[in-house]
Amino acid sequence: MARTNQASGGALSGDLSGIRLDGAAAEPEVLTQIIISNALFPSRRALMPLLDGRSLARLNACARAFGKRDETGRSFCENVARERVLPLMRAHLGGVRSIGGNAERLNQNFLTRCYEYLAQEGELLFPPEGRTTPRWPPRWPQRRGFATALHACDAFEAGPAAAWAAASAVLQLAVEAMRTCPPENRPRGDEVRADALRARRDAILARRGLCGVIIYTRTNTPADGAALSALVESQGGSSWAWD
């Protein structure tokens, strides 16, 4: 963890010129860097050396406009992020709730598992566009979970990586729910698990760039090779090696 807290300059660009003060939208990459920096730099002073004077002014203007906390203790932006995340969570967890069983702390367990999948394998399976290896510092550093609602909102908008992590979390929670659910609900549990497996597969297929796929078969004949070659080509694959 000591390495992730160093102000190396890699976590946040020193120029926040992508942030506009005229009401226009900020560049998504700049916002992502700020959110990551918030998780990696708990001390505000550790962040300051990375910003020039103009960037400090922009950051101050944003903080004054959107950083004030209300009676709930959350800022305007945090409330907006929370409003975006909650409906997504309800949609993902609808199937798990229908199984029954022990649903205590389901929302929190879902968020925790989503983050675990993102931190452990998210950037290995879904490297940043234009790269073949994860970035440093990572978008989802090893920690116990999302730092804030803003952090969670950013993750849920991460495209196929978010869909894969959410489906993986749903699959795990569905298996756990089936251990304590009424016997008559087990068929519903099987349906939720099957849906989650399909969602995981679809997320992997939706990732950008080339990827390698290993297929194991029970037999080893030329006919198997021909059938697998046809399958790879039908899915847009460009090459196939039979071993």
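In H9 of this predicted model, Asp224, Gly225, Leu228 and Val232 are buried, that is, under 20% relative accessible area with a 1.4 Å probe and protein chains only, where exposed means over 50% and partly exposed lies in between. They sit on the same side of H9 because they cover an arc of only 95 degrees around the axis, taken from the directions from the helix axis to the C-beta atoms. Pro222, Ala223, Glu233 and Ser234, on the other side of H9, are exposed. Helices here are DSSP runs of H or I with at least four residues, numbered from the N terminus.

Local features need pLDDT of at least 70 and side-chain atom pairs 80 or more, while totals for chains, interfaces and linings use all residues. Residues are numbered from 1 along each chain as its sequence is written, and side-chain values use heavy atoms, without hydrogens and water.

Asn79 belongs to helix H4 (residues 76-99). Asn79 counts as buried because its relative accessibility is 18%. Apart from neighbours within four places in sequence, Asn79 is in contact (heavy atoms within 4.5 Å) with Asp70, Thr72 and Arg74.

The largest cavity is lined by Cys114, Leu118, Phe146, Ala155, Phe156, Ala162, Ala165 and Ala166. A cavity is a set of points on a 1 Å grid over the protein atoms alone where a 1.4 Å probe fits but cannot get out, and lining residues have an atom within 4 Å of a point. Helices H5 (106-125), H6 (149-156) and H7 (160-178) each give two or more residues to this lining, with H7 giving the most, three residues.

How values were computed
On a 1 Å grid over the protein atoms alone, a cavity is a set of points where a 1.4 Å probe fits but cannot get out, and a pocket is an open set with protein on both sides within 12 Å along at least five of seven lines; lining residues have an atom within 4 Å of a point.
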